[in-house]
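Student: I would like to learn how to read a model of this kind, feature by feature. Could you take me through the general idea each time, and then through the case at hand?

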Amino acid sequence: MVEPILSVEKLDVSFSTFEGLAHVLSKVTFKINHKEVFALVGETGCGKTVTALSIIKLLPRNSYVQGRIIFNGRNILELKESDMVEVRGKSMAMILQDPSSSLNPMFKVGEQLCDAITSNDPNIKEPKRYALELLSKVGFKDTERVFNSYPNELSGGMQQRVAISISLTGKPTLLIADEPTTALDVLTQAQIIQLLKQVRDTYSTSVLLITHNLGLVATLCDRVGIMYFGQVVEIGPTYDLFYNTKHPYTKGLLQSLPYNKLKNQTLPTIPGDLPSPLSPPSGCRFYPRCPRSNESCSKDVPEILPITDKHYVACFNPLSGDE
Amino acid sequence: MPLIEAKNVSKHYYKRKGFFGKKELIKAVDNVSFSIEKGTTLGLVGETGCGKTTLAKCLLRLINPTSGAILFKGKDLSKMKSEELDDYHRSVQIVFQNPFTSLNPRMTIRNIISEPIITHKKINKTELETELVRLLKVVGLNETHLSRYPHELSGGQNQRVAIARAIALNPELIILDEPTSALDVSVQATILNLLNELQKQFNLSYIFISHDLGVVRFISDYIIVMYSGKFVEMGPSEDILGQPLHPYTKMLLLALPLPDPKKKIELIQHQMKALEDWRGGCVFLQKCPYGMELCKKEEPEMVEVREKHFVACYYTIKGDRR
């Protein structure tokens with residue numbers, strides 16, 4: 001069996017706040033294989049971004065992290081900051097949600113790109129030539145003009161492509177994309193999806209996609225992990241997850257989408273609100289909102305267990321196939 | 001009589017390139033006409049910068065259109081007297097995209113919702129209080145939320161507050177400018193359900209602005225597709241999504257990622273055409289895969305192809321349709 005690029009094992013993250021310790025992640029476990037697009041899906045505040053930040057080790061100082069994150073055979077959590085500099089931006093890169101705020105408005109695109117290139121490899125002689133090459137790889141035809149423009153002169157989609165080209169400077173083996181298309185409209189989103197696929201194929205990069213857009217997941221990803229309130233509740237190949245849904249929360253998310261539903265229909269919703277991370281419910285964290293919960297759900301925390309060899313679910317009463 | 005009718009509305013801006021540069025005409029909204037009946041929803045779809053929000057601002061009379069007329073129950077907005085305008089502003093309300101920026105963080109929910117009521121109505125304290133509680137109940141909140149601040153509520157709850165503020169004066173039309181795009185899918189579903197319910201209860205009309213065709217389809221009776229300040233296709237929502245005619249609508253539909261791993265998105269690849277001989281032809285020509293000679297010369301007009309289904313495209317009307 002081939003070693004996965006990244007494997008996160010029982011990751012616990014909590015933050016100390018004025019009101020006490022907030023448990024944000026508990027026992028998050030998943031892995032990403034070579035050349036795979038893996039999506040983490042969940043609602044706002046479920047811990048998707050915290051997972052990403054712990055992988056790239058950019059969590060704020062008031063955080064407590066436990067568990068193991070193995071990346072290329074090394075435990076990221078034990079690395080010193082000086083060693084992490086070698087990993088971050090080179091073998092592991094990140095694309096942020098809003099390209100207009102992740103690029104520096106004071107510098108030309110070319111300068112920012114050359115900066116990234118020379119900091120990754122100070123020996124490179126002609127950073128500009130490499131930069132132009134990267135820009136053409138992300139789909140620009142007029143590379144010289146883009147090289148000399150300021151970010152505000154480019155559209156949202158173009159800015160995001162520049163951001164992707166910057167993340168590619170170190171030829172990363174893992175690309176973390178935190179909601180890369182949320183700020184973009186449909187046609188530009190489609191272009192970015194195609195670009196990410198292309199990047200995966202040409203650079204043999206694995207992608208960790210963080211999103212709440214299930215449409216994006218269905219079109220782009222190989223495997224999906226569904227997160228609810230700091231826990232991964234279901235992991236599986238995209239097809240299985242959409243057509244053989246096991247966890248009631250996943251089902252709830254899929255049913256609440258308005259696609260292919262007619263006006264005057266009432267959309268099924270998940271009742272209740274997210275609990276507070278300061279006082280999580282005992283037992284399964286989804287049980288207060290779950291239509292299938294029974295007594296055991298409030299007492300014990302369900303472990304994430306395999307249903308088939310690739311499909312895992314953390315639920316005492318998973319849905320059967322035909323429901 | 002339609003509730004609101006827009007006739008040949010345009011909004012043009014001038015942009016200067018540099019301080020001494022030449023003025024350049026930007027047609028944010030160009031010669032558009034439509035009407036909304038009472039109790040129906042009109043979906044407005046288009047990419048960023050196509051003029052959706054400018055059109056909404058014209059309807060709210062936050063800006064005046066450069067030319068054309070907007071009729072409210074048959075009366076021209078630009079000729080209304082101030083009392084009539086007060087009445088108009090009461091009848092047309094807006095809900096914005098991001099509830100965290102559209103609600104004042106220094107005001108309690110009580111103040112936010114009571115502000116329009118106090119401005120427009122003479123009402124005493126006890127009546128105001130019962131009215132506030134009633135409004136919150138209608139949108140699915142309760143009186144415990146009254147003394148809270150927006151930052152204490154979640155995104156979905158804040159959007160409910162914004163909706164409560166919009167319906168406080170019993171409006172007839174609410175303009176919804178991407179009301180769910182900042183929200184999670186499960187919260188989006190509750191807001192969409194709420195909007196449908198309110199429409200039935202109060203016979204409201206909506207203009208729903210979005211770039212998500214899936215959401216627009218769910219909520220709208222009619223859909224207008226906008227491109228670069230112009231309407232390119234307009235018709236009943238099932239027609240537009242079931243049998244799209246304009247190449248741009250088709251592109252949008254093919255690019256929409258559906259939550260179904262069996263379906264793949266498609267991006268119609270097109271060569272950018274050289275536009276040297278482009279003089280006022282079709283606005284979509286640059287991206288159109290089917291551009292013809294005629295498209296370069298003349299601008300297509302909206303033609304009724306099927307019942308109530310209009311399209312502005314020479315290829316669709318005259319060309320060989322596959």
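Tutor: Let us begin with the secondary structure, keeping in mind that this is a predicted model. Chain A contains twelve helices and twelve strands, and the secondary structure of chain B likewise comes to twelve helices and twelve strands.

Student: Which radius of gyration does chain A have, and how should I read that value?

Tutor: For the 323 residues of chain A the expectation is near 20 Å, and because chain A has 21 Å, the two agree. The box filled by the C-alpha atoms of chain A, taken along the principal axes, is roughly 65 × 50 × 45 Å. In chain B, with 322 residues, the expectation is again near 20 Å and the value is 21 Å, which agrees, while the C-alpha atoms of chain B fill a box of roughly 70 × 50 × 45 Å along the principal axes.

Student: What share of the residues of chain A counts as buried, and what is the accessible surface of that chain?

Tutor: Burial is judged from relative accessible area, with under 20% as the cut-off. On that basis 53% of the 323 residues of chain A count as buried, and the accessible surface of chain A comes to about 14,700 Å², with 51% of it belonging to carbon and sulfur atoms. For chain B, 52% of the 322 residues count as buried, and the accessible surface is about 15,500 Å², of which carbon and sulfur atoms hold 50%.

Student: How many positive and negative side chains does chain A have, and how far apart are the centres of the two sets?

Tutor: Here one reads the counts together with the separation of the centres. Chain A has 33 positive and 33 negative side chains, with the two centres 2 Å apart; chain B has 44 positive and 37 negative side chains, with the centres of the two sets 3 Å apart.

Student: Into which domains is chain B divided?

Tutor: The assignment gives domain 1 (4-242) and domain 2 (244-322). The contact between them takes 22 residues from domain 1 of chain B and 20 residues from domain 2 of chain B, and the centres of these two domains, taken over C-alpha atoms, are separated by 28 Å.

Student: Which residues of helix 5 of chain A are buried, and what covers them?

Tutor: In helix 5 (residues 127-137) of chain A the buried residues are P127(A), Y130(A), A131(A), L132(A), L134(A) and L135(A). Their cover includes helix 4 (109-120), helix 6, helix 7 (156-167) and helix 8 (186-203) of chain A. Just after helix 5 of chain A, G139(A) takes a positive phi of about 100°.

Student: Is T143(A) buried or exposed, and what does T143(A) touch?

Tutor: T143(A) lies in helix 6 (residues 143-147) of chain A and has a relative accessible area of 14%, so it is buried. Apart from residues up to four places away in sequence, T143(A) touches L132(A), L135(A) and S136(A); L132(A) and L135(A) are among the buried residues of helix 5.

Student: Where is L141(B), and what is L141(B) in contact with?

Tutor: L141(B) is placed in the loop between helix 5 (125-138) and helix 6 (155-167) of chain B, and it counts as buried because its relative accessibility is 6%. Beyond its neighbours within four places in sequence, L141(B) is in contact with L136(B), Q157(B), R160(B) and V161(B). L141(B) and R160(B) stand 19 residues apart in sequence, with 7.8 Å from C-alpha to C-alpha.

Student: Which phi value does R61(B) have, and which does S228(B) have?

Tutor: R61(B), a residue other than glycine, has a positive phi near 65°, and is found in the loop between helix 1 (52-60) and strand 4 (67-72) of chain B; its relative accessible area of 26% makes R61(B) partly exposed. S228(B), also not a glycine, has a positive phi of about 50°, and lies in the loop between strand 9 (222-227) and strand 10 (230-236) of chain B. At a relative accessible area of 36%, S228(B) is partly exposed.

Note on methods: Residues numbered from 1 in each chain as written. Chains lettered and ligands numbered in written order. Predicted model: local features only at pLDDT ≥ 70, side-chain atom pairs only at ≥ 80, totals over all residues. Heavy atoms only, no water. Helix = DSSP H or I, 4+ residues; strand = E, 2+ residues; numbered from the N terminus. Rg over C-alpha atoms; globule rule 2.2 N^0.38 Å. Buried < 20%, exposed > 50% of the residue type's maximum accessible area, 1.4 Å probe, protein only. Areas by Shrake-Rupley, 256 points an atom, 1.4 Å probe, with all protein chains shown as cover. Lys, Arg positive; Asp, Glu negative; His and termini not counted. Charge placed at Lys NZ, Arg CZ, Asp CG, Glu CD. Domains from an automatic or database assignment. Contact = heavy atoms within 4.5 Å.
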